[in-house]
Amino acid sequence: MNDAPLGLLFTLLAALILISAFFSSSETSMLSLNRYRLKHLIGKDHKGARRASKLLERPDQLISIILIGNNLVNILASAIATVIAIRLYGDAGIAVATVALTLVILVFAEITPKTVAALHPEKLAFPFSLILLPLLKLFMPLVWAINSVTNGLLKLMGFRPDLQNDEALSQEELRTIVSESGTMIPSRHRRMLTNILDLELVTVDDIMVPRSEVFGVDLDDSDEIILEHLQSSTHTLLPVWHEDINNIQGVLHMRDLSRVLVSGGLCRDTLKRELQTPYFVPENTPLHTQLRQFQLKKLRMGIVVDEYGDLLGLVTLEDILEEIVGEFTSNLIEDSEEMHTDPDGGTVCSGTVHIRELNRHRNWSLPTDGPKTISGLALEALEAFPSGEVAVQIPGYLIQVLEIEGRTLSKVKIRPMETSEPAAAE
């Protein structure tokens with residue numbers, strides 16, 4: 001080497017620095033690959049992804065072959081650089097070679113290639129795997145010997161390098177991935193995906209039509225009243241009861257209405273025969289469970305009951321689907337009648353409006369872990385039933401009671417509060 005021309009030595013040095021850059025960028029690109037995208041590409045039979053996945057099955061072996069190659073190349077480059085520097089600068093060349101080679105390796109063989117690899121891992125990792133796999137097979141005896149020592153030390157420290165890391169995602173991690181997906185998933189689709197994840201946290205009590213708003217047929221009513229109910233109904237399924245709403249006799253599907261009407265009148269016997277068996281749902285049933293039950297039983301409506309068998313309300317398949325995809329067009333007119341925006345920015349609505357529904361419409365974050373309706377939320381904050389118009393503050397919002405009918409808050413107004421606003425007096 002001492003007799004080799006300087007031009008040849010400089011060429012060898014440049015080649016060794018490029019090889020060092022290859023090993024450095026290989027390490028970063030391989031370890032920066034997205035494991036889930038890698039599995040996706042493997043499913044599409046991407047050859048580069050398959051090679052990279054095979055290398056990543058044993059990361060200890062991958063790191064070993066990269067470090068072996070990188071260290072050999074850097075040591076050889078250091079020797080050549082020293083020879084060049086001594087020829088040019090004499091004994092002072094050793095110090096010059098040390099400083100110069102350190103800077104060159106840092107810039108051209110470490111920082112720059114690793115930065116590029118971190119920014120574009122797939123573009124580098126997949127073609128580099130064509131070289132790394134044969135190298136690993138070629139130097140497997142050396143890799144095995146080194147890994148035997150290092151793995152023994154790791155086991156003494158309590159680590160198991162031979163075991164794969166658990167790559168399963170928790171629900172919260174999956175939610176974060178969906179939320180941070182950016183433009184890769186449209187915002188509407190992101191909301192739907194997160195709503196699906198939320199089904200486990202929501203129960204039928206949160207979305208059911210409460211008992212006081214259940215629309216159905218009471219067999220104790222006259223034929224004229226029952227006919228009026230049937231003709232004015234906008235619902236497909238109607239619960240039918242006798243004497244008391246807790247005494248549900250069945251469910252009438254409006255497609256069977258033509259058989260119930262005889263010569264413009266009502267045939268009660270036919271009405272009773274056409275009733276479908278009611279399907280009862282226990283309170284606090286999670287929505288994802290109830291959705292599955294509706295699917296298995298081929299049903300669209302369930303009657304929510306408490307532990308004593310008393311009716312609490314109705315839940316429909318449409319209610320659950322709205323939790324995923326949002327409100328259906330057919331409900332927009334109804335919503336506008338019971339919920340509208342006031343000139344000052346507040347929302348005036350019926351006290352029976354569900355908190356989750358208001359949150360969804362206004363993109364608010366009213367608490368949903370307690371009362372289910374705006375009326376219940378206001379009463380919980382007031383801690384007493386009001387005798388007239390009153391306002392109460394909850395964290396971040398101001399609720400005003402506008403109308404009271406009997407024992408219910410028929411109309412309330414709610415608006416977000418600025419942090420600088422003073423607290424409202426009750």
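Tutor: Contact here means heavy atoms within 4.5 Å. The model is predicted, so local features need pLDDT of at least 70 and side-chain atom pairs count only at pLDDT 80 or more, while totals for chains, interfaces and linings use all residues. Residues are numbered from 1 along each chain as its sequence is written, and side-chain values use heavy atoms, with hydrogens and water left out.

Student: With neighbours within four places in sequence left aside, which residues is T236 in contact with?

Tutor: T236 is in contact with L252, H253 and M254. For H253, 17 residues away along the chain from T236, the C-alpha separation is 6.0 Å. T236 sits in the loop between α11 (223-232) and β3 (237-242), where helices (H or I, at least four residues) and strands (E, at least two) are DSSP runs numbered from the N terminus.

Student: Why is T236 called partly exposed?

Tutor: Buried means under 20% relative accessible area, exposed over 50%, and partly exposed in between (1.4 Å probe, protein chains only). T236 has a relative accessible area of 44%, therefore it is partly exposed.

Student: What does L299 touch, not counting residues up to four places away in sequence?

Tutor: L299 touches Y279, F294 and L317. The loop between α14 (287-297) and β8 (301-305) holds L299. Its relative accessibility is 26%, so L299 counts as partly exposed.

Student: What makes a set of residues a nonpolar core?

Tutor: A nonpolar core is a set of buried Ala, Val, Leu, Ile, Met, Phe, Trp, Tyr and Cys residues joined through side-chain atoms within 4.5 Å. The largest one in this model has 37 residues, of which L13, M30 and L33 touch the most other members. At least two residues of this core come from each of α1 (6-32), α2 (35-43), α3 (47-56), α4 (59-89), α5 (93-119) and α6 (121-138). α4 gives the largest share, ten residues.

Student: Beyond its neighbours within four places in sequence, what is L33 in contact with?

Tutor: L33 is in contact with L38, A52, L56, P121, E122, A125 and F126.

Student: Which residues make the nonpolar surface patch?

Tutor: V149, L153, L156, M157 and F159 make it, with an area of about 580 Å². Residues qualify for a patch with over 30% relative accessible area and no salt bridge; like charges are joined within 9 Å, nonpolar side chains (Val, Leu, Ile, Met, Phe, Trp, Tyr) within 5 Å. The areas come from the Shrake-Rupley method with a 1.4 Å probe; for residues, only the protein chains shown count as cover. L156, in helix α7 (residues 140-156), is called exposed because its relative accessible area is 74%.

Student: How do you know that R58 forms a salt bridge with D60?

Tutor: A salt bridge needs a side-chain nitrogen of Lys or Arg within 4 Å of a carboxyl oxygen of Asp or Glu. The closest N and O atoms of R58 and D60 are 2.7 Å apart, which meets the criterion. R58 counts as partly exposed because its relative accessibility is 30%, whereas D60, at 13%, counts as buried.

Student: How many salt bridges does a search of the whole structure find?

Tutor: The search finds 13 salt bridges. One of them joins R50 to D45, with closest N and O atoms 2.9 Å apart. Another joins K114 to E110, at 3.2 Å. K114 and E110 are four residues apart in helix α5, about one turn of the helix. K114 is partly exposed at 27% relative accessibility, and E110 is buried at 17%. E172, R175 and D198 are linked in a network of salt bridges.

Student: How many disulfides are there by the rule used?

Tutor: A disulfide is a pair of cysteine sulfur atoms within 2.5 Å, and the count by this rule is zero. Of the cysteines, C349 is called buried because its relative accessible area is 2%. C267 has 23%, so C267 is partly exposed.

Student: Which residues of helix α17 are buried?

Tutor: In α17 (residues 355-362) these are I355, E357, L358 and N359. N363 follows α17 and has a positive phi, near 60°.
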